[in-house]
Amino acid sequence: MSDSSNKIDTTRRSLIKGAAAAGGAIAFPYVHAQEKITLRYLGTAVNQDKAIAEKFEADTGIRIQYIPVTTDDVTKRAVTAPNSFDLIDTEYFSLKKILPTGNLLGIDTKRIKNADKITPLFTKGEVGGKKVGDQGTAPKKVMYLETPTSKTFSAAPTQFMTLIPTVYNADTLGIRPDLIKRPVSSWAELLNPEFKGKAALLNIPSIGIMDAAMVVEAAGLYKYPDKGNMTKKEIDLTIKVLIEAKKNGQFRALWKDFNESVNLMASGEVVIQSMWSPAVTAVRTKGIACTFQPLKEGYRAWAAGFGVPKSVTGRKADAVYEFINWFLDGWAGAYLNRQGYYSAVLETAKAKMEPYEWAYWMEGKAAAKDIKSPNGDLLQKAGGVRDGGSYEERMGGIACWNAIMDENAYMVQKWNEFVAA
Amino acid sequence: MKSLHLPPWLQATPFALVFALFLVLPLLLVGAVSFWQATDYELIPAFTGKNYVDVFAGCANTEELCVTLKTYLSTLKFCVLVWAITLVIGFLVAYFLAFHVQSTSMQTLLFVLCTVPFWTSNVIRMISWVPLLGRNGLVNQGLTGLGVVDSPVEWLLFSDFSVVLAFVHLYTMFMIVPIFNSMKRIDPALIEASRDSGATGWQTVWNVVVPLCRTGIVIGSIFVVTIVMGDFVTIGVMGGQQIASVGKVIQVQTSYLQFPMAAANAVILLATTLMMVWALTRVVDLRREL
């Protein structure tokens with residue numbers, strides 16, 4: 001009895017062992033294939049929305065890990081630590097610095113489903129069939145590559161894109177209409193002595209100097225052949241104007257971080273300043289009047305896009321392409337449009353927005369219902385109209401693009417002089 | 001028994017290695033890079049003195065100070081102001097803690113109170129100055145409410161005043177601790193002897209306590225001076241980004257990938273700060289006193 005039970009027991013054990021081993025061998029590759037992919041997404045905090053990452057993970061099972069840094073640091077990382085991310089969200093003007101390092105790989109548009117639907121603003125520099133200003137680093141100048149590994153830009157459209165556009169906007173001055181109490185219509189107002197001690201400027205040199213150039217031109221002091229690529233003399237002139245204003249106490253502060261600009265405006269320290277669209281929205285959600293004021297000289301535009309570093313291959317590369325495709329597919333675009341940005345493929349975003357939302361955000365029509373932000377905060381009561389009007393009016397009014405100048409080193413040196421003055 | 005003791009050089013080796021790897025080597029690299037050339041996107045290891053020449057560009061002009069000198073002067077000004085104020089406040093607080101608070105538990109409690117400024121993050125702490133000192137802030141509301149001023153006082157925020165205020169608020173602690181430490185080591189018999197010899201309270205402080213606290217004062221001063229010389233966050237936020245500091249210049253240059261220029265500036269800043277620390281250590285022989 002005991003003997004036989006022992007025998008059975010051993011067999012049972014060995015059977016289980018064998019089954020476990022076999023099961024293990026079968027299970028292993030299965031588990032491996034299901035291993036979750038995490039994409040490290042390098043970009044600025046403004047563009048890294050938690051809701052977008054959550055929705056993407058829910059849709060595809062791929063996790064997004066945000067690495068939020070400042071605009072300048074995105075470039076720095078791309079140049080100095082290209083292995084530290086799987087996907088880069090950077091501005092087009094940074095490409096002049098990143099591309100020559102060979103750290104980015106051209107994106108194959110054949111793998112991007114909606115590539116041909118990307119707005120002509122990027123591919124041809126046109127809005128509604130009309131050419132817009134292309135001073136500075138206009139995206140169409142740095143959009144294409146001859147081959148995926150090319151280190152120089154192609155003038156004509158090709159199969160390979162440097163970045164797939166994600167968001168873009170046209171920046172202008174933000175004002176507190178309740179404190180200014182009169183219409184503002186020109187960039188020149190930034191340095192109007194009326195706002196002495198109540199103005200602020202962006203302290204990111206390459207962008208701040210463009211805002212300053214808009215002011216210089218608006219004031220009729222000088223007309224730049226290309227605000228986005230000044231000569232040393234032009235830089236000197238622009239900085240001189242800024243230093244004079246600073247010495248007269250024009251600026252309350254300079255700001256570098258998105259939240260600083262919100263704080264300055266909301267607290268009433270500043271009534272007129274260079275500003276970004278979501279910052280204006282943030283001030284408004286506090287119940288404080290703030291206008292992203294359209295100006296007659298036009299807008300300074302910027303555009304950001306996704307790039308793929310060379311180090312990403314295999315399944316990870318597939319996941320990156322999946323994310324980019326998902327991003328252009330509409331949900332994310334609608335989300336961005338509701339924040340006051342613009343999405344790269346308008347038609348897919350439109351499908352995911354309510355008609356009254358589309359009419360308010362994109363067609364410049366009065367809001368038929370209350371307009372809410374993606375988080376549900378009230379942005380505009382029914383009947384209100386978006387600052388700057390329709391997409392065509394706003395993006396058609398682009399005067400120049402964020403840029404990196406050939407004389408960048410000199411410009412930074414002069415900017416430091418302005419800060420020290 | 002004696003054979004069990006490791007030779008002193010062996011005991012010091014691990015720490016020396018850490019220092020060599022994480023301090024000396026990076027510093028040597030910074031020194032090397034400061035003589036390199038660079039483009040927008042790459043460093044070229046070819047020797048040049050141009051970075052140093054560029055740092056001092058325009059400094060031969062006698063009419064107007066060049067940017068570098070102006071920046072250093074501004075940073076030095078903050079250094080002196082903050083050092084003087086933290087020294088006085090730090091000394092007073094330490095004196096109170098060491099000689100007037102009797103129980104150890106009370107001393108500990110008050111010490112913890114002194115660290116309150118460090119309980120929140122740097123940025124949050126500085127942003128919260130805005131509702132206090134701003135144009136529509138508490139202080140201005142109070143002043144206009146009391147009828148002391150007609151229109152809000154503008155220099156409370158984004159000014160030299162606010163920068164110094166934030167520094168003092170933050171770094172007085174670094175003065176208090178070493179000075180308190182020196183004070184606790186003063187033999188109470190010495191104070192008694194001074195009193196017995198007929199010295200007034202002031203005379204005791206000036207002739208007995210202060211000289212015996214020299215070590216603490218110098219250590220605290222080194223902390224404060226080195227922190228203020230290298231700071232760019234506090235000056236940036238409290239100065240509304242409108243006040244130059246050497247740290248800020250370096251930060252802007254690194255973020256625009258101008259590493260050689262930034263390295264040259266860093267080397268000059270390091271040399272300046274080391275000279276100041278060296279001057280301080282002339283006052284007290286730290287090695288002998290500790």
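Analyst: Pro139(A) is buried in this predicted model, because 27 other C-beta atoms lie within 10 Å and 20 or more are enough for that class. Pro139(A) sits in the loop between strand E7 (130-131) and E8 of chain A. Leaving aside neighbours within four places in sequence, the contacts of Pro139(A) are Tyr92(A), Phe122(A), Pro165(A) and Ala303(A). From Pro139(A) to Ala409(A) the separation is 270 residues in sequence and 22 Å in space, C-alpha to C-alpha.

Strand E8 (144-145) of chain A is part of an open sheet of three strands, ordered E5-E9-E8 (chain A), with antiparallel pairing. Strand E5 (107-108) and E8 of chain A are at the edges and have a single partner strand each, so one side of each is left without a neighbour in the sheet. E8(A) and strand E9 (residues 160-161) of chain A run antiparallel and are joined by two bridges. Within that pair, Leu145(A) has Phe160(A) in E9(A) as its bridge partner.

The pairing of E16(A) can be followed strand by strand. E10(A) and E16(A) pair over seven bridges in the antiparallel sense, and Asp171(A) has Arg300(A) in E16(A) as its bridge partner. Strand E3 (residues 87-91) of chain A is joined to E16(A) by four bridges, again antiparallel; here Glu91(A) is partnered with Ala304(A). Two bridges link strand E4 (residues 104-105) of chain A to E16(A), and these strands also run antiparallel, with Leu104(A) standing opposite Pro309(A). Strand E20 (residues 398-401) of chain A runs parallel to E16(A), and three bridges join the two. In that pair Ala301(A) stands opposite Trp401(A) in E20(A).

The domain assignment divides chain A into domain 1 (38-170 + 301-351) and domain 2 (173-297 + 390-420). Their centres, taken over C-alpha atoms, are 26 Å apart. In the contact, 25 residues of domain 1 of chain A meet 22 residues of domain 2 of chain A. On the domain 1 side, the elements that give two or more residues are helix H3 (71-80), helix H4 (95-98), strand E10 (164-171) and strand E16 (299-309) of chain A. By class, this side of domain 1 has 11 nonpolar, nine polar and five charged residues.

The largest nonpolar core has 176 residues, of which Leu87(A) and Ala200(A) touch the most other members. At least three residues of this core come from each of domain 1 and domain 2 of chain A. Not counting residues up to four places away in sequence, Ala200(A) touches Phe251(A), Arg252(A), Ala253(A), Leu254(A), Trp255(A), Leu264(A), Val270(A) and Gln273(A).

For the chain as a whole, buried residues make up 48% of the 421 residues in chain A. Chain A has 16 helices and 20 strands, and its C-alpha atoms fill a box of roughly 105 × 50 × 45 Å along the principal axes. Of the contacts in chain A between residues at least 6 apart in sequence, 71% join residues at least 24 apart.

Last comes the partner chain. The contact between the chains takes 28 residues from chain A and 26 residues from chain B. On the chain B side, helix H3 (67-100), helix H6 (130-133) and helix H13 (246-255) each supply at least two residues, and H13(B) gives the most, with five residues. That side of chain B has 11 nonpolar, nine polar and six charged residues. The average pLDDT of chain B is 88, and 98% of the residues score at least 70. For the complex, the predictor gives an ipTM of 0.77 and a pTM of 0.80.

Methods
Residues numbered from 1 in each chain as written. Chains lettered and ligands numbered in written order. Predicted model: local features only at pLDDT ≥ 70, side-chain atom pairs only at ≥ 80, totals over all residues. Domains from an automatic or database assignment. Contact = placed C-beta atoms within 7 Å. Nonpolar A, V, L, I, M, F, W, Y, C, P; charged D, E, K, R; others polar. Pairing = 2+ DSSP bridges. Core = buried A, V, L, I, M, F, W, Y, C linked by C-beta atoms within 7 Å. Buried ≥ 20, exposed ≤ 12 C-beta atoms within 10 Å, placed from the backbone. pLDDT = per-residue confidence, 0-100.
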